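Please view the sequence and the structure below before reading on.

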Amino acid sequence: MSHDTLFAEVTDPANRADPYPLYARLRETPVSRQGDGSYVVSTHAAIRGLIFDPRLSSEDLPPSQRPPTGNPFKDWIVNPIKNRVVNAHRPLIFRDPPDHDTLRAIVMEQFTIPRVRGVHREVEGIVEDLIDKLQGRDEICLVEDFSYPLPVMVICRLLGVPEEDEEQFQKWATVLATALEPDSRGDEEARHATATAFDAISDYMRGLIKEKRKNPADDMLSGLANPEPGKPAMGDFDLIASAILLLVAGHETTVNLITNGMLTLIRHPEELDRLRRDPERAPRLIEELLRYEPPVHFRTRKALGDIDIAGTTIPAGAPVILLFAAGNRDPARFADPDRFDPDREDNQHFGFGGGLHYCLGAPLARIETEIALNALVRRFVAPRLLQDPPPYRPGASLRGPEKLGIGLERIA
Amino acid sequence: MSADRGVVVVGASLAGLRGAEALRRGGYAGPLTLVGDEPYQPYDRPPLSKHVLAGELRPDATALPHLVDLDATWRLGQPAVGLDRAARMLRLADGSALPYEKLLIATGARARSWPVTEKTGPLPSGIHTLRSRDDAAALRAALAAGPKRVLIVGAGLIGCEAASCCRDLGLAVTLADPNPTPLARILGSRIGGVIVSCLDTAGVDFRPGTHVDAFEADAAGRVCRARLKQGAAIETDCVIVALGATRDTGWLAEAGLMADEGGLTCDVACRALDADGQPAPGIYAAGDVARTPNPLHVGRLAAFEHWGNAVAQAGHAARNMLAAEDDQQEYRHLPAFWSSQFGINIKGVGLADGADTVAVMQGSRASRRFLAVYGREGRTIAAISFDQARWLPAYAERIEAGVAFPPILGATDQSIKDFGVPDFPQPRSR
């Protein structure tokens, strides 16, 4: 059978619960041209070659185009200006060097050791609180009750968003997360919702930055808004884009990682028991989880030049889909790849992507997931899945359960 | 292998240690002896010119981790002084002799010292080199005492790293070199010019085209001045002589091997060659001391003072030491090095000298963040990155494949407006 429609099957929600057999078929052609002219890259070696290839660009977003509102002032004056601002100040995951590097370095500076340690304590507190609230219930939805609220609360505290605004932030994050989903780009309604949420959160951030300049605190936004003299700084538009990115990119991904983690552990009860007995196993287990059920299955890029790889030439200008989750299950790289094995050695997965866009929040995600999974296995007594497979959200890239019903004997 | 003789590794160095470990990993269970002229367990050199000078790391905190339980006999503080190949005996400074079945020579190199002749008389005190742990400890103590002006003679990698550290310590520094820019021999002056701008920003007094002729001492015998060939003088109370290294092969003078201060010549399988150019039975070499043919540079022998080469070559030599005579594999290695100075991470692959063109492929020299490639006769032979190391593997692959110059067109942040002659100095007269 021809492989040029396989990726369409990947994006088909019907295959969301188990896309891995499709990935195995895609890997038969490491770089496979699809009917729409895009190239899907699915083996570990080919992905690895491309993420370190300087001809692969992340500036693959179409120009921002706000849908017409019918209001001439908005359609002819305000929105074109907004579009221009958005195009010129994309968040750094959609930027190439040198701008990407400058922005990333500035953001990285803010992930200071004391701040990350502080996050550790915050996460411990939030996790125990969230689980305490479930006392007395014998059925819960892990996504709604736990995985979903946690990352937003953490990123809000790290950024310095006041606690009373966290709920509003959660709502924006939900809408904006779809903006990272490559297959939703064409959807008019989604674009409209994204633009509205984007404007609202941008206005909010502008105000918050002003506040952080007036009353700086020890948080990332204060750090970004008040650069030390002589150090590289970013303008306000980039600052807003970066703050939104931290919120959005750190949100649904972490939700997926924690939810997939618990799902995988309940499916592998012996591993759940081992983790319960030995919390120190968590780091290894999370690395394997990032390989086995990664929170982000693919990202898109654009070829700037003709790229020869794995017997195929990707022509300049072609969209490239790096199917990280398929590389993670490549039998040429991982022995027995469909087995969940936390004791796996040399586990060089693409769970956080790779190359220069390697996940900026990886350390944070590891901390959150470690604390979360350890607390969940410690406190959930006899957890079982109410529905397996669970229902999934529509996204094929940011793939994760929409709900994860778990039945419990009790909460310890 | 004869059970009582076993393997002797000369040089308790990075190459020596990793070579010994590779022997054990390869299944060698017989007697193993490591001989070292310094009294220390093998240590890591790269931090010596960086963190140790800066006072961030104690010199004795540089010991290399042992990756394998070696179960070896250590003869430390015991220089090898001679080799009797006929009797397969290694002679040590204390008069003892070690029998060997197989020998791995990893004696490395030593800092090229300031020439002392009858005419110059003895050197004043306060003149340092930087190669060993003791060198670094002495220099660190001298820098911590707060000299008025440090003079660094030689603007190669070590000279530049030392200059960078001295400025971080707030010390006044003069850096003198006969070439127009630092790193001229390694990278050429076109790229070396970027370091000139770093020196300028950092406040280093850089003196290009400068030949230091002699040092003068004060009444206490301490260095107080460097006299220049051009007649002028530089006032200094602390000198770092950074003129490169000579291979530690003096002890092999009578051994009948192809050895001189440029290295011990080996074949592609890391076997030491005798005076007739034949592999000497049972004798292998690895690391800085080993001068080998390089598949990327046909007809040219080179010894690399590179950390990665020491590890890889020692592992390869160990493999061949354990293999049968008819299963000696060729050592293929793409040279690679790194340096950190003036807040910049510099990484290079391939051999740039001998290039006829250099082109900035990504970034720009002005921003001090770039990747440049070197070409010779239309072929890509080397690449250097300043704070752009992540792309280096892509270029390394193409250098190994010998692709046309320039490679990788259509990269992000690419303009290719900046290309030209690399400006290497004339070869050093020997």
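## Aromatic pairs

Over all chains, the count comes to 13 aromatic pairs, where rings of Phe, Tyr and Trp (its six-membered ring) pair if their centres lie within 6.5 Å, and planes under 30 degrees apart count as stacked, over 60 as edge-to-face and the rest as tilted. One of these joins Phe169(A) and Tyr204(A), whose ring centres are 5.4 Å apart with planes at 70°, so the pair is edge-to-face. This pair links distant parts of the chain, 35 residues apart: Phe169(A) belongs to helix H9 (residues 166-177) of chain A and Tyr204(A) to helix H10 (residues 188-214) of chain A. Phe169(A) has 0% relative accessibility and therefore counts as buried; buried means under 20% relative accessible area, exposed over 50% and partly exposed in between (1.4 Å probe, protein chains only). Ring pairs also draw Phe169(A), Trp172(A) and Tyr204(A) into a cluster.

A tilted pair is formed by Phe324(A) and Phe350(A), at 5.6 Å centre to centre and 45° between the planes. Phe324(A) lies in helix H16 (residues 324-327) of chain A, while Phe350(A), 26 residues apart from it, lies in the loop between H16 and helix H17 (362-379) of chain A. Both Phe324(A) and Phe350(A) are buried.

## Basis of the model

This is a predicted model, in which local features need pLDDT of at least 70 and side-chain atom pairs count only at pLDDT 80 or more, whereas totals for chains, interfaces and linings use all residues. Residues are numbered from 1 along each chain as its sequence is written, chains are lettered from A and ligands numbered from 1 in the order in which they are written, and side-chain values use heavy atoms, leaving out hydrogens and water.

## Charges over rings

In chain A, the charged end of Arg329(A) sits over the ring of Tyr20(A), 3.6 Å from its centre (NZ of Lys or CZ of Arg within 6 Å of the ring centre and within 35 degrees of the ring normal). In chain B, the charged end of Arg133(B) sits over the ring of Tyr40(B), 3.5 Å from its centre.

## A sheet in chain B

Five strands of chain B form an open sheet in the order E9-E16-E10-E11-E12, with parallel pairing. Strands pair if DSSP finds at least two bridges between them; helices (H or I, at least four residues) and strands (E, at least two) are DSSP runs, numbered from the N terminus. Strand E9 (127-128) and strand E12 (205-207) of chain B are the edge strands, each pairing on one side only.
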